[in-house]
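Visitor: I would like to learn how to read the features of this structure. Please take them one at a time.

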Amino acid sequence: MRYLAQRLLHSILLLLGVSIFSFAILQLAPGDFFTPLSVNPQISAHTVATLRSQYGLDKPFPIRYEHWLHSVFRGDLGVSFAYGTPVAPLLAVRARNTLLLTGLSLFLAWMLAIPFGIWTAARRGKWSDRAGGIVTSSLLTIPDLVLFLALLLVAVRTGWFPTGGMMSPGFDDLSIGGKVQDLATHLFLPCLGLVLATLPPLVRHVRSAMIEVLEAPFVRAARAHGIPERRILLRYALPVAANPLITLFGYSIAGMLSASLLVEVVLSWPGVGPLLVDAILAKDVYVVVGAVMLSSVFLVAGNLVADALLFATDPRIRTEQIN
Amino acid sequence: MTHHRKLVWSAAVLAAFSCVILFAGFFAPYDFAAQDRDTPFAPPTAIHFMDASGRLHVRPFVYGPRDSAQTPPIAEAASVQPYPLRWFVPGAPYKIAGVFTSRTHLFGVAQPARIFLMGSDAYGRDQFSRFLYGGQISLLAGLIAAILSVSIGILAGGIAGYYGGWLDEILMRGGELFLALPWLYLLFAMRAALPLHISQWQVFLLLISVMGLIGWARPARLIRGVVLSAKERNFVLAARGFGASDAYLLRRHVLPQTYAVLLTQITLLVPQYVLAEVTLTFLGLGVGEPMPSWGALLSSLQQYSVLSSYWWMFLPALLLIPLFVVFYAAADALQELHKSVPL
């Protein structure tokens with residue numbers, strides 16, 4: 001348990017570091033949300049100053065950061081200047097949508113990567129392995145943006161899929177089945193984009209981890225005992241190869257979140273991405289900080305899950321603390 | 001040896017491409033900002049060898065503009081005059097390396113005909129010329145940002161690896177912070193800190209520094225690893241025994257061992273930063289009009305109407321793929337080479 005407690009403490013420190021860092025760089029910015037107002041001759045300098053002090057923008061950095069920390073514990077994450085509401089409820093809806101999209105894509109990507117990686121590792125050097133290698137490396141060279149634009153092109157040209165949004169206009173009137181179907185058609189393209197963007201490196205890692213294990217002496221011994229190849233792959237080699245892959249799982253969340261930001265903007269999925277881009281353009285500081293923090297929380301949570309999984313699957317970590 | 005050959009090939013292709021981009025003014029038939037309001041969204045100009053009467057031309061030619069009032073059907077294209085493609089034609093003046101002014105372009109057609117190899121955009125600007133000029137912005141941004149990242153990486157990784165102790169601890173913990181964040185979010189957060197309404201050159205420089213600042217952690221980690229093992233090597237220990245100073249040891253013995261890693265990292269980082277620039281500009285956070293960066297070329301695709309009706313607007317995006325293939329091939333070959341060559 002000490003291992004997990006240590007990891008948890010580490011994550012909390014990391015989140016604190018990220019919040020100070022993102023706050024500090026936003027502090028460096030010349031101008032704020034109210035700068036465009038102060039240029040407007042219709043609005044007096046006094047009004048702008050009042051607005052600034054109302055939102056605490058005239059305070060020095062440590063005090064603003066302290067205020068923000070208080071707001072985190074209150075659970076509202078500060079105020080959005082553009083929407084005039086607390087940031088937390090604004091983010092919550094977007095976070096749900098992003099989580100739905102990235103969670104599903106992450107699940108699908110791994111569910112595809114593991115069997116595909118094992119299969120190509122087992123057939124190493126054969127033509128099917130080489131073909132798989134060509135497919136993954138060519139997918140790897142297509143920039144995410146180009147891939148997503150191509151998907152948008154497909155949606156626009158064929159009309160088979162909606163070009164954006166999460167649900168059709170009459171969504172509330174649909175039956176449960178209809179709702180699921182409507183959501184699925186909206187999810188399809190963003191999800192496909194994310195899976196295609198993150199799959200190739202995952203497959204490569206699964207393949208190389210498996211190959212490394214398959215070359216180990218104990219696998220040769222198992223073969224010599226006449227244990228069937230399928231059993232060797234799944235029962236003997238896979239659990240050993242799982243270790244680096246679980247660590248990779250934590251990192252793959254970061255890749256997924258970055259790709260998701262882009263896919264959400266290009267394919268108009270109402271997640272955190274479009275909100276963040278608008279907030280940056282409007283200098284809506286607390287929304288930006290909130291979105292960056294949210295992504296870090298997702299990431300840290302994912303890494304914690306990976307750590308817990310490692311703890312559960314790798315006896316070496318458990319014995320380390322006994323010694 | 002095969003990795004060596006791969007490296008030579010990819011380096012040659014990259015050098016040739018860089019030359020074309022560097023002398024964009026010569027290779028592009030038009031200026032990047034030259035507008036032709038009569039031909040918005042013109043499709044790529046067809047280059048013919050055979051005219052409507054079936055006569056073969058030695059010199060390829062394009063058809064001149066049609067009277068837009070009539071918009072003649074294809075059969076009437078025969079009545080349109082052919083304009084042969086000419087080499088080394090005089091055209092709009094441009095600057096070579098920012099110093100010499102020249103008017104000679106590699107190819108072109110006589111007015112009023114136009115040659116749009118990749119079609120034209122909403123203002124009738126030649127996409128091909130804009131792609132070449134855009135490469136100057138995007139590739140330069142990628143290159144400078146990569147060098148910046150690697151420089152900070154040498155500094156941080158070298159200090160952390162060589163001196164160790166609490167310096168190492170602080171630098172590597174700080175690096176973890178940068179590695180742990182989804183980089184696109186981080187890039188956005190840093191971009192948010194910058195003023196939105198400043199001159200294009202300032203945006204360009206800021207963009208480079210933001211990207212370069214974000215990416216230092218990975219090279220720093222790798223360099224730290226190399227330095228850690230390098231400083232324990234016998235010849236380094238021997239030099240230290242002879243009384244060599246830290247600065248001398250770092251400069252002459254330790255840092256030269258990191259060069260292979262540095263070169264690989266730069267080759268990997270350049271396409272990544274080019275892509276970062278493209279993404280930021282695409283989202284309206286990078287360099288804007290009239291500067292033709294690759295991201296700006298793609299940003300028109302955000303309009304569904306453009307995406308669905310004018311397929312050639314997608315061409316710049318597709319052209320990025322082979323470029324990235326070459327970059328990755330070079331990085332791959334470098335990695336394999338320095339793995340097989342003992343340091």
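Visitor: In which sense, left-handed or right-handed, does α8(A) pass α10(A)?

Guide: A crossing is right-handed if the near helix is turned clockwise from the far one by less than a right angle, and left-handed if anticlockwise. In this case α8(A) passes α10(A) in a right-handed crossing. This is a predicted model, in which local features need pLDDT of at least 70 and side-chain atom pairs count only at pLDDT 80 or more, while totals for chains, interfaces and linings use all residues. Residues are numbered from 1 along each chain as its sequence is written, and chains are lettered from A and ligands numbered from 1 in the order in which they are written.

Visitor: At what angle do the axes of α8 and α10 of chain A cross?

Guide: Axes are lines fitted to C-alpha atoms, for helices over the stretch in contact, and angles run from 0 to 180 degrees between N-to-C directions. Helix α8 (residues 176–214) and helix α10 (residues 229–266) of chain A cross at roughly 160°, and their axes come within 9 Å. Angles under 35 degrees count as roughly parallel, over 145 as roughly antiparallel, 65 to 115 as roughly perpendicular and the rest as oblique. α8(A) and α10(A) are therefore roughly antiparallel to each other. Their contact has 18 nonpolar, six polar and one charged residues; here Ala, Val, Leu, Ile, Met, Phe, Trp, Tyr, Cys and Pro count as nonpolar, Asp, Glu, Lys and Arg as charged, and the others, Gly among them, as polar.

Visitor: How many helices and strands are there in chain A?

Guide: Helices (H or I, at least four residues) and strands (E, at least two) are DSSP runs, numbered from the N terminus. Chain A has 13 helices and zero strands, and its C-alpha atoms fill a box of roughly 85 × 60 × 40 Å along the principal axes. Chain B has 13 helices and five strands.

Visitor: Is helix α9 of chain A largely in the open or buried?

Guide: A residue is buried if 20 or more other C-beta atoms lie within 10 Å of its own, exposed if 12 or fewer, and partly exposed in between, with C-beta atoms placed from the backbone. Helix α9 (residues 217–224) of chain A has eight residues and zero of them are buried, so it lies largely in the open. Just after α9(A), A:G226 takes a positive phi of about 80°. Over the whole of chain A, 34% of the 323 residues are buried; in chain B the share is 38% of 343.

Visitor: Where is B:L85 found?

Guide: B:L85 is in the loop between β3 (82–84) and β4 (86–96) of chain B. B:L85 counts as buried because it has 21 C-beta neighbours inside 10 Å.

Visitor: Which residues does B:L85 touch?

Guide: Two residues are in contact if their C-beta atoms, placed from the backbone, lie within 7 Å. Leaving out residues up to four places away in sequence, B:L85 touches B:I47, B:R59, B:P60, B:F61, B:V62, B:F107 and B:V109. B:F107 is 22 residues from B:L85 in sequence and 7.0 Å away, C-alpha to C-alpha.

Visitor: At what angle do α3 and α7 of chain B pack?

Guide: Helix α3 (residues 127–163) and helix α7 (residues 217–230) of chain B pack at about 40°, with their axes 7 Å apart. That makes α3(B) oblique to α7(B). The residues of this contact divide into 10 nonpolar, five polar and two charged.
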